[in-house]
Amino acid sequence: MKKRAIGRLVSSCLFTLLVIYSETLTFGQTSKPQFRVLAMTEAGGIHAPFVAAAKVWLKQLADENNFTIDYIENAEPVNDAFLANYQLFIQLNYPPYMWSDTAKEAFRNYITQGKGGWVGFHHATLLGEFDGYPMWPWFSEFMGGIRYKNYIASFAKATVQVEAKNHPCMKGVPATFEVQKEEWYTYNKSPRPNVNVLATVDESSYSPDSEIKMGGDHPVVWSNEHVKARNVYVFMGHHPDLFRNNVFTTIFRNAIFWGAGK
């Protein structure tokens, strides 16, 4: 009798635990997300490995912090109604051309009216005439009035120096950090007069050295505070190995939650 009683007690406890576990899973699956993110990614090409690594990292971050992320590979779906579904827009290496007029207008409204936040990476400052498309003047102004000029095709390691230590995107970021391999775009001028520079690259630290330089002031992370949307541009974003760089992922994580108003 004692063995049967113990057996019934164990069975009852196991059933209770299964019910609790099941209810927990159901709650986790149906709970309302904190916010929704839209990421526009560059499809294929040389940045495909970076985008693939970003998706893996973003999925884990979203799962752990209860937000959702949807992906598009071109600007065709972008209009006012579409963007109204999202609290944050991540431009994940997608360039500032190949946008329809409708998409341009909707994005401009999203940024200037502060309808959501924006985080842009790397190719987002490929400003000029490319693939038969003219430069988008408004986007150039959004990025500080710059035009893309050149890049280090052979790549270089370099030291990045944080300037705006108290900015939310720089929380937990050391005063200096290394990026092992990047192209370090140069522009026709520094965006500094028109943006809040958060970090610069020390051109004297290039390894191997390169003649392709801005000439001293070379911002690589900045925010345009003349628009209502919380926004930050991060130049780094070519190699998937960046997701092994804890400083890079800290900046990315900070930018997501700050941009989304969290």
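The model is predicted: local features need pLDDT of at least 70, side-chain atom pairs count only at pLDDT 80 or more, and totals for chains, interfaces and linings use all residues. Residues are numbered from 1 along each chain as its sequence is written, and side-chain values use heavy atoms, with hydrogens and water left out.

P240 lies in the loop between strand 11 (231-234) and helix 6 (246-259). Helices (H or I, at least four residues) and strands (E, at least two) are DSSP runs, numbered from the N terminus. The C-alpha atoms of P240 and A48 are 8.9 Å apart, across 192 residues of sequence. P240 is partly exposed, at 27% relative accessible area; buried means under 20%, exposed over 50%, and partly exposed in between (1.4 Å probe, protein chains only).

The structure holds 40 aromatic pairs. Rings of Phe, Tyr and Trp (its six-membered ring) pair if their centres lie within 6.5 Å; planes under 30 degrees apart count as stacked, over 60 as edge-to-face and the rest as tilted. W57 and F243 form a tilted pair, with centres 5.8 Å apart and planes at 45°. W57 is in helix 2 (residues 48-65), and F243 is in the loop between strand 11 and helix 6, 186 residues apart. W57 is buried at 17% relative accessibility. F243 is also buried, at 15%. F130 and Y148 pair edge-to-face, 5.7 Å centre to centre, with 65° between the planes. F130 is partly exposed at 21% relative accessibility, whereas Y148 is buried at 16%.
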